[in-house]
Amino acid sequence: MKRSNLPIKYGKYPYLPLKLPCLALETCSFRQTTNARVRLKKRKDLIKMAAIYSLYIINKSGGLIFYKDYGSAGRMDTNDTLRLASLWHSMHAISQQLSPIPGCSGIELLQADTFDLNCFQSLTGTKVFVVSEPGTLHMEYLLKYVYELYTDYVLKNPFYEMEMPIRCELFDINLTQAVQKDRVALLGR
């Protein structure tokens, strides 16, 4: 099966088999997703960890509030990172509206030949997305952990103003440790 013929995974349910050149999006049923998550939790030590290229946090209005590059081959300048975050926010919002099922949470995984883009949207509308190696299986856990770090170290910071860029040293330190653990697990396999 060609990668470009796979449908988009919206939230927990597959919909709309969009055919995009060079892109493919993961799909599976709710039962398969739930069973896969249980298997991943039980066999976490057997999962191949993947390298992370970059991490983004977008506020509910689509503004980029955090960006971290982890040594990807093609570094982007500031304008390109802002453009990518804005584009992803727009695609995510459009996919929610195009879904035939009410309550769809948007695209969670976008697969291309050279990268995977995984996204987690919180109940407040804040999106955390990661660009990583193709074929990653566990990024939803990392995204949720990054969101926990965001709530613990950024939102509880009395000097942080909502919807503004993140400038928090404790958040940076803990985020770097989380990504380092992921890379160490990759090298140990």
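Mentor: Ask away, and I will answer each point in turn.

Trainee: What kind of model is this, and how are residues numbered?

Mentor: Residues are numbered from 1 along each chain as its sequence is written, and side-chain values use heavy atoms, leaving out hydrogens and water. Local features need pLDDT of at least 70 and side-chain atom pairs count only at pLDDT 80 or more, while totals for chains, interfaces and linings use all residues, as this is a predicted model.

Trainee: How many helices and strands does the protein chain have, and in which pattern?

Mentor: Helices (H or I, at least four residues) and strands (E, at least two) are DSSP runs, numbered from the N terminus. The protein chain comes to four helices and eight strands. Read along the sequence, the pattern is β-β-β-α-β-β-α-β-β-β-α-α.

Trainee: What share of the protein chain is buried?

Mentor: Buried means under 20% relative accessible area, exposed over 50%, and partly exposed in between (1.4 Å probe, protein chains only). The protein chain has 189 residues, and the buried share is 41%.

Trainee: Among contacts between residues at least 6 apart in sequence, what share joins residues at least 24 apart?

Mentor: Contact means heavy atoms within 4.5 Å. In the protein chain, among contacts at least 6 apart in sequence, the share joining residues at least 24 apart is 52%.

Trainee: Which residues touch the most other members of the largest nonpolar core, and which element gives the most to it?

Mentor: A nonpolar core is a set of buried Ala, Val, Leu, Ile, Met, Phe, Trp, Tyr and Cys residues joined through side-chain atoms within 4.5 Å. The largest has 23 residues, of which Leu 55, Ile 57, Tyr 150, Ile 166, Phe 171 and Leu 175 touch the most other members. Strand S4 (52-58), strand S5 (64-69), strand S8 (127-132), H3 and helix H4 (169-187) each supply at least two residues. With eight residues, the element that gives the most is H3.

Trainee: Which residues does the second core include?

Mentor: This second core is separate and has eleven residues. Among them are Trp 88, Leu 110, Cys 119 and Phe 129.

Trainee: Why is strand S6 largely enclosed by the rest of the structure?

Mentor: S6 covers residues 107-112. The strand is largely enclosed because its buried residues number five of the six.

Trainee: How does S6 pair with strand S7, and what is the bridge partner of Leu 110 in S7?

Mentor: Two strands pair if DSSP finds at least two bridges between them. S6 and S7 (residues 116-121) have three bridges, in the antiparallel sense. They form a hairpin with three residues between them. The S7 partner of Leu 110 is Leu 117.

Trainee: Is Asn 118 buried or exposed, and which residues does it touch?

Mentor: Asn 118 lies in strand S7. Its relative accessible area is 7%, so Asn 118 is buried. Not counting residues up to four places away in sequence, Asn 118 touches Glu 108, Leu 109, Val 128, Phe 129, Val 130, Ser 132, Thr 136, Met 139 and Leu 143.

Trainee: How many disulfides does the structure hold?

Mentor: A disulfide is a pair of cysteine sulfur atoms within 2.5 Å. Cys 104 is buried at 14% relative accessible area, and Cys 168 is buried at 9%. The number of disulfides is zero.

Trainee: How many salt bridges are there, and what are the closest N and O distances?

Mentor: A salt bridge is a side-chain nitrogen of Lys or Arg within 4 Å of a carboxyl oxygen of Asp or Glu. The structure holds two. For Arg 83 and Asp 80, the closest N and O atoms are 2.7 Å apart. For Lys 156 and Asp 152, that distance is 3.4 Å.

Trainee: Where do Arg 83 and Asp 80 lie, and how accessible are they?

Mentor: Arg 83 is exposed, at 54% relative accessibility. Asp 80 is partly exposed, at 29%. Both lie three residues apart, about one turn, in helix H2 (residues 78-98).

Trainee: Where does Glu 163 lie, and what is its phi?

Mentor: Glu 163 is in the loop between H3 and H4. With a relative accessible area of 28%, Glu 163 is partly exposed. Its phi is positive, in a residue other than glycine, and near 70 degrees.
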